[in-house]
Amino acid sequence: MSAEIELRAITHAYRTYSGRLPVLEHLDIRMPPGSFTAFVGPSGCGKSTLTKLVAGLMRPDEGQVWLGGQMVTSPRATVGMAFQNPVLLEWRSILSNVLLPLEIVPNKLSKSRRVARARELLALVGLSEFEDKRPSELSGGMRQRASLCRALVHRPEVLILDEPFGALDAFTREDLWQTMHRLREEENFTAVLITHDLRESVFLADEIVVMSARPARIQHRMASRLPKARDLEVLYTPEAVEMLAALRRQIQIAQGRDAA
Ligand SMILES: Nc1ncnc2c1ncn2[C@@H]1O[C@H](COP(=O)(O)OP(=O)(O)O)[C@@H](O)[C@H]1O
Ligand SMILES: [Mg+2]
């Protein structure tokens with residue numbers, strides 16, 4: 001079951017040796033259950049901080065995060081996360097890396113059910129034949145696919161993706177985007193994607209949120225004008241090109257504020 005994500009008047013600062021570093025400023029946004037929202041914004045503006053707040057790994061100075069109608073006050077097992085570095089355990093096979101969350105998150109599944117669930121996801125991302133391999137035997141794109149399976153294996157209500165495709169070459173990245181669409185069709189989650197690739201945000205998201213330079217505010221929100229079912233060709237349609245141009249302008253504005 002996917003959950004609604006709601007940020008209510010979130011403000012946050014880090015306390016550092018050189019003083020207080022304001023990072024997020026009064027963020028208010030509601031992401032409906034099952035939606036896919038991409039956040040783009042200048043480097044260092046607070047995007048990863050935002051993901052940690054949503055996952056309950058940190059608490060905001062002010063405001064609240066709500067998931068599925070419940071206020072988040074501690075880390076949530078109903079959240080799955082994937083990052084730029086897939087951090088798979090080298091001494092475990094791919095299958096057993098994917099199974100890891102089911103060993104940690106309380107659940108009533110039998111061993112055979114768990115394995116069946118992990119295999120179902122590995123099949124969806126095209127890794128069935130690699131389940132017995134070690135992470136180092138896989139390409140970067142394959143490791144990232146495995147990491148997506150691990151993030152989803154316990155059927156999280158919310159999937160947080162913090163630049164998971166950022167380190168991949170362009171073609172591999174596009175393959176992964178298509179895999180992401182497939183996962184979205186088959187699985188049920190509300191997704192938050194952090195990216196600095198505007199094409200990625202346009203291809204994957206229903207809504208794209210542009211954040212300003214630090215301390216980040218929500219500078220601009222853009223609802224996708226693309227059909228829900230998408231292949232890569234969609235990026236060459238006038239609608240997508242228009243969205244990309246408008247996003248690029250917004251990013252320039254965001255960076256301008258940084259320089260001011
Ligand atoms: N734990 C921390 N303590 C102090 N400063 C931090 C911490 N984490 C991040 N920062 C700083 O907060 C700002 C926002 O960081 P982050 O959310 O990682 O940005 P982004 O993901 O948008 O690049 C950056 O200037 C970063 O250096
Ligand atoms: Mg980051």
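Reader: What is the order of the strands in the open sheet of six strands, and which kind of pairing does the sheet have?

Author: The order is 6-7-8-3-9-10, with mixed pairing; strands here are DSSP runs of E with at least two residues, helices are runs of H or I with at least four, and both are numbered from the N terminus. Two strands count as paired if DSSP finds at least two bridges between them. Strand 6 (79-83) and strand 10 (218-223) each have a single partner strand, so they stand at the edges, and one side of each is left without a neighbour in the sheet. From one strand to the next the twist averages 15 degrees, with angles taken from 0 to 180 degrees between the N-to-C directions of axes, which are lines fitted to C-alpha atoms, for helices over the stretch in contact. The model is predicted, and local features need pLDDT of at least 70, side-chain atom pairs count only at pLDDT 80 or more, while totals for chains, interfaces and linings use all residues. Residues are numbered from 1 along each chain as its sequence is written, and chains are lettered from A and ligands numbered from 1 in the order in which they are written.

Reader: What makes strand 9 and strand 10 a pair?

Author: Five bridges join strand 9 (residues 207-211) to strand 10, and the two run antiparallel, whereas the requirement is at least two bridges. Met211 stands opposite Ile218 in strand 10. In the loop between these strands lies Pro215, which a cis peptide bond joins to Arg214, with omega at about -5 degrees.

Reader: Which residues are around ligand 1, and which element gives the most to its shell?

Author: A residue is near a molecule if its C-beta atom, placed from the backbone, lies within 6 Å of it, and the residues around ligand 1 include Tyr14, Lys47, Ser48, Thr49 and Arg214. Helix 1 gives the most, with three residues, and strand 1 (5-16), strand 2 (19-31) and helix 1 (47-54) each supply at least two.

Reader: Why is Val87 called exposed?

Author: Val87 has 12 other C-beta atoms within 10 Å and is therefore exposed, as the term applies at 12 or fewer, with buried at 20 or more and partly exposed in between, C-beta atoms being placed from the backbone. Phi of Val87 is near 35 degrees, a positive value in a residue other than glycine, and Val87 lies in the loop between strand 6 and helix 2 (94-104). Most residues other than glycine have a negative phi.

Reader: Why does Arg155 count as partly exposed?

Author: Arg155 has 17 C-beta neighbours inside 10 Å, so it counts as partly exposed. Arg155 is found in the loop between helix 4 and strand 7, and it has a positive phi of about 50 degrees although it is not a glycine.

Reader: Which residues touch the most other members of the largest nonpolar core?

Author: Of its 68 residues, Val54, Val98, Cys149, Val158, Ile160 and Leu193 touch the most other members, a nonpolar core being a set of buried Ala, Val, Leu, Ile, Met, Phe, Trp, Tyr and Cys residues joined through C-beta atoms within 7 Å. The largest share of this core, six residues, comes from helix 4.
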